[in-house]
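Hi,

Here is the structure I promised to pass on. Have a look at it first, and my notes on what turned up follow below.

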Amino acid sequence: REDYYLCWWIGKDSIEEDQSMAARLASTMCNSFKGRPVLGRVFQGKEPPQFVAIFQPMLVLKGGLSSGYKNYIADKGLNDETYAADSVALIRLSGTSVHNNKAVQVDAVPASLNSNECFLLQSGSSIFSWHGNQSTYEQQQLAAKVAEFLKPGATVKHTKEGTESSAFWFAVGGKQSYTSKKVATEVSRDPHLFAYSFNKGKFEVEEIYNFSQDDLLTEDILLLDTHAEVFVWIGQSADSKEKQSAFDVGQKYVEMAASLEGLSPNVPLYKVTEGNEPCFFTTFFSWDPAKRSAHGNSFQKKVMLLFGVGHASENQQRSNGSGGPTQRASALAALNSAFSSPSPPKSSSAPRPAGTSSASQRAAAIAALSGVLTAEKKQSSEGGSPVRSNRSSPVRSSRSSPVRSADSGPTENDLSTAEVQDSEKASEPKEIVEPAESNGSEPKPEAEQDEGGNESGQAIFSYEQLKAKSDNPVTGIDFKRREAYLSDEEFESVLGMKKEAFYKLPKWKQDMHKRKVDLF
């Protein structure tokens with residue numbers, strides 16, 4: 001299956017006209033692929049790892065070349081700082097892997113320097129590579145690559161911090177003090193999944209606690225906030241008008257979260273359609289690809305996953321036999337009717353309105369199906385044919401959290417919604433459905449593991465061999481667990497923690513750490 005990643009990038013000095021044009025072109029391209037691409041908006045300085053990894057190297061220069069930008073600075077009487085091959089330019093190089101290596105042009109003044117990074121200084125035909133005392137080998141390699149890109153074949157003057165020539169200081173306006181503090185990295189936070197609604201024209205969200213893949217119902221449009229990125233997930237059976245305005249909904253959420261939760265207003269924003277979820281979205285779930293391939297509405301998908309493809313038609317063909325299959329088909333039909341009843345639009349007064357009558361019908365249908373399946377199980381234990389029960393899938397996890405909005409608290413319907421959910425959960429046929437097998441993205445290793453994730457008798461390889469972009473890659477390993485083949489000492493040196501602590505982290509947090517060091 002081919003995956004498409006389509007983004008428009010917004011420079012910090014770009015004009016609004018060019019930003020709008022880029023958004024329209026990206027949307028047109030996405031529609032030409034029938035909505036399959038992951039569509040994203042990325043601001044300068046907030047580029048996510050999967051975006052940075054595309055560019056080798058990623059180089060951001062000052063200014064712009066569009067006619068709109070040129071006209072804008074001319075009208076405002078501003079200096080044109082657009083990069084030129086013969087100008088004085090200072091470029092900062094940061095990062096430790098392909099997922100965060102960046103080269104960005106900064107102001108050509110001594111205050112821009114930092115002892116923890118490398119810099120390239122271009123002055124006419126000369127180019128200096130300045131290495132801070134705390135800079136890394138990867139940054140120095142990136143400096144050489146960028147220098148060759150900017151000045152092919154030119155002789156690079158390598159300069160260690162503290163050994164600068166007078167020509168170097170003259171180009172940046174004279175020797176002055178600069179910082180040696182490390183740039184603070186963003187603290188990772190737990191992801192949150194939200195449903196949304198419009199209450200009398202006011203945008204509101206409702207958090208889905210302890211969310212899972214089963215909460216992604218095909219009739220819904222949901223918001224996943226990881227703090228580093230925001231995703232608008234669109235179900236295949238969602239309302240067509242709501243699909244068209246999904247990106248606007250995501251922007252409304254970003255604006256609200258920026259004012260209430262301190263979210264960056266320039267956070268990357270993505271539109272993801274059901275069936276085309278990328279790995280950097282599914283990593284926040286225990287993802288089962290089989291659920292993505294199921295078709296139909298939410299009820300039909302759950303029946304398919306519980307009983308297998310074609311179960312309903314099989315029951316209808318065998319309905320002229322004994323009473324069991326007939327009763328089961330009737331119970332399934334009742335449950336389908338309960339879940340397929342039309343729901344109020346999202347413009348209603350509550351984010352998740354639900355009437356008591358529909359809840360009672362739903363609970364009764366579940367109870368009826370539970371009774372039929374319980375009876376069949378008893379018959380099978382007495383010598384009858386076993387009931388087919390492959391995977392269990394809850395109807396939806398509890399949504400009893402208060403609604404968040406810019407200026408409102410919990411709504412009137414929260415209590416009734418919670419009561420409905422309690423009645424549904426009480427009626428679920430838990431006693432006859434076997435627990436789901438693990439379908440996460442991490443495969444079960446054949447060998448036993450200790451608490452630190454080590455397999456008995458496992459081979460050890462160097463970090464340079466295990467990197468995804470290694471020049472001498474190792475073979476014959478589980479590439480989803482590259483980090484497990486590091487020695488304890490190198491593991492702690494590369495990932496900044498011991499194996500025991502690493503494997504206690506949530507999987508999405510493990511993946512984030514692995515992306516940073518090119519082990520994903």
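Cys30 is buried, with a relative accessible area of 1%. Cys7, on the other hand, is partly exposed, because its relative accessible area is 22% and the cut-off for buried is under 20%. As for disulfides, there are zero in the structure. Bear in mind throughout that this is a predicted model.

Now the overall numbers. The protein has 520 residues, and 43% of them count as buried. Its secondary structure comes to 18 helices and 14 strands. If you take the contacts with a separation of 6 or more, 67% are between residues 24 or more positions apart. The accessible surface is about 27,200 Å², with 51% of that belonging to carbon and sulfur atoms.

In soluble globular proteins, nonpolar side chains tend to be buried together. Here the largest nonpolar core has 27 residues, and Phe203, Val205, Leu223 and Tyr253 are the ones with the most contacts inside it. Several elements give two or more residues to this core, among them strand 1 (5-10), helix 1 (16-32), strand 10 (202-208) and strand 11 (221-225). Which element gives the most to it? That would be helix 7, with seven residues. There is also a second, separate core of 18 residues, which includes Phe231, Phe281, Phe284 and Trp508.

While we're on helix 7: Met256 sits in it, and this Met256 counts as buried at 6% relative accessibility. Met256 and Glu204 are 52 residues apart in sequence, yet their C-alpha atoms are 9.1 Å apart in space.

Tyr270 and Phe280 make another tilted pair, with centres 5.5 Å apart and planes at 50°. Tyr270 belongs to strand 13 (residues 269-273) and Phe280 to helix 8 (residues 279-282), so this pair ties together parts that are 10 residues apart in sequence. Both Tyr270 and Phe280 are buried. They also take part in a cluster linked by ring pairs, together with Tyr5, Phe211, Phe231, Phe281, Phe285 and Trp287.

Six strands form an open sheet with mixed pairing, in the order 3-5-4-6-7-8. Which strands stand at its edges? They are strand 3 (59-60) and strand 8 (156-160); each has a single partner strand, so one side of each is left without a neighbour in the sheet. For strand 3, the pairing with strand 5 (residues 102-106) is in the parallel sense and runs over two bridges. Within that pairing, Val60 stands opposite Val104 in strand 5.

That's what I have for now.

Cheers

How values were computed. Residues numbered from 1 in each chain as written. Predicted model: local features only at pLDDT ≥ 70, side-chain atom pairs only at ≥ 80, totals over all residues. Heavy atoms only, no water. Helix = DSSP H or I, 4+ residues; strand = E, 2+ residues; numbered from the N terminus. Buried < 20%, exposed > 50% of the residue type's maximum accessible area, 1.4 Å probe, protein only. Contact = heavy atoms within 4.5 Å. Areas by Shrake-Rupley, 256 points an atom, 1.4 Å probe, with all protein chains shown as cover. Core = buried A, V, L, I, M, F, W, Y, C linked by side-chain atoms within 4.5 Å. Disulfide = S-S within 2.5 Å. Phe/Tyr/Trp six-rings, centres within 6.5 Å; stacked < 30°, edge-to-face > 60°. Pairing = 2+ DSSP bridges.
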